[in-house]
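Here's a quick briefing on a helix pair and a chain-chain interface. Have a look at the structure first, then run through the points below.

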Number of protein chains: 2
Amino acid sequence: MNKTENSDWPAGIKRTKQREQVFSILTKSDGPLSAMDICSLTQKDGNAVWLSTVYRILELFTQKALVVKTSMQQNDMAVYELNRHDHKHYAVCVGCNKIIPIENCPIERFIPEISDSGFHVLGHKMELFGYCRECDLKHR
Amino acid sequence: MNKTENSDWPAGIKRTKQREQVFSILTKSDGPLSAMDICSLTQKDGNAVWLSTVYRILELFTQKALVVKTSMQQNDMAVYELNRHDHKHYAVCVGCNKIIPIENCPIERFIPEISDSGFHVLGHKMELFGYCRECDLKHR
DNA sequence: TCCGTAGTTGCATATGATTCGCATTTGCAT
DNA sequence: ATGCAAATGCGAATCATATGCAACTACGGA
């Protein structure tokens, strides 16, 4: 909500106080946030944004490909983060649901063969699954 | 529920009529199914499996890495499919939510650098997102 | 600068997938 | 065959997300 953030405002999106708040929170966060997380953060800010409004804003941002929506394994809450180039991927343990970051990314150099040849790729999500060392030892 | 299916029964899972039905339905399906889809199919079978039981069975199968659980973009219903080697990936349009299959897979030859070096990879999920040709032309 | 209006938000309430509790039933080891 | 631990049927609870509507706000044109 200061000058700097205003100048970064993405094109094609009408500017409102609430959208600026949500955008600013996402910009400052270094990890993905749930809608509820974001709502709570606006409350600390002194100027609360109602939860359903947060959902509507996140839906808009997702459709504009400004934000990536992900729902991690077993977790019934979707999380959102800015569609950055500097991204991370995760391995999820199906035994204990532990989430472990992957350091490299196989998709950077990948040229997908998509049947819609006009498809304009804006990003990707990837997730490995399996057993973490601990669960694997319990040979489940 | 015939001999052939019985002989395929996965190790480490107690065999019940309901689990056999769910497993058989997943085996015969060539696409991912929701819990409700599976429940409906058991009803046509004449021997209905209650929805909450289907969920419990799918959770078990997922923890045994027999089944992959996925929740596609925007769709609030999780889908499940057998963890096959012959798998597919998808590109999702953030404009219209159209789902387009990808023909090749970047992860086959990928050696991930995971901080848990004991992680036992059993499968993966991948999804591209962007605009399909049609939505891209509308320059959204 | 002020006004009109289309688009947005606050708020309450609905929706619908998934989970949970418990009494009954079933698979399997002894 | 018998007993017991585990699984299921069924109902009801939970909880994230969507929706309806009246009040409000951003923003372009006069």
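**Helix packing and the A/B interface**

In chain B, helix α3(B) passes α4(B) in a right-handed crossing. Keep in mind that this is a predicted model.

**The α3/α4 pair in chain B**

- Helix α3 covers residues 35-44 of chain B and helix α4 covers residues 51-63 of chain B; their axes come within 9 Å and cross at roughly 120°.
- On the α3(B) side, the contact is made by A35(B), M36(B), I38(B) and C39(B), which meet L51(B), V54(B), Y55(B) and L58(B) of α4(B).
- Sort the residues of this α3(B)–α4(B) contact by type and you get eight nonpolar, no polar and no charged.

**Where chain A meets chain B**

- Contacts link 49 residues of chain A with 49 residues of chain B.
- Between them, chain A and chain B bury about 4,400 Å², with 56% of it on carbon and sulfur atoms.
- Over in chain A, the residues that lose the most area to chain B are Q63(A), F119(A) and F129(A), together 16% of what that side buries.

**Salt bridges across the interface**

- How many salt bridges are there between chain A and chain B? The count is three.
- E127(B) forms a salt bridge with K125(A), and their closest N and O atoms are 3.7 Å apart.

Methods
Residues numbered from 1 in each chain as written. Chains lettered and ligands numbered in written order. Predicted model: local features only at pLDDT ≥ 70, side-chain atom pairs only at ≥ 80, totals over all residues. Heavy atoms only, no water. Axes fitted to C-alpha atoms, helices over the stretch in contact; angles between N-to-C directions. Helix = DSSP H or I, 4+ residues; strand = E, 2+ residues; numbered from the N terminus. Left-handed = near helix turned anticlockwise from the far one by under 90°. Contact = heavy atoms within 4.5 Å. Nonpolar A, V, L, I, M, F, W, Y, C, P; charged D, E, K, R; others polar. Buried area = accessible area lost by both parts, 1.4 Å probe. Salt bridge = Lys/Arg side-chain N within 4 Å of Asp/Glu carboxyl O.
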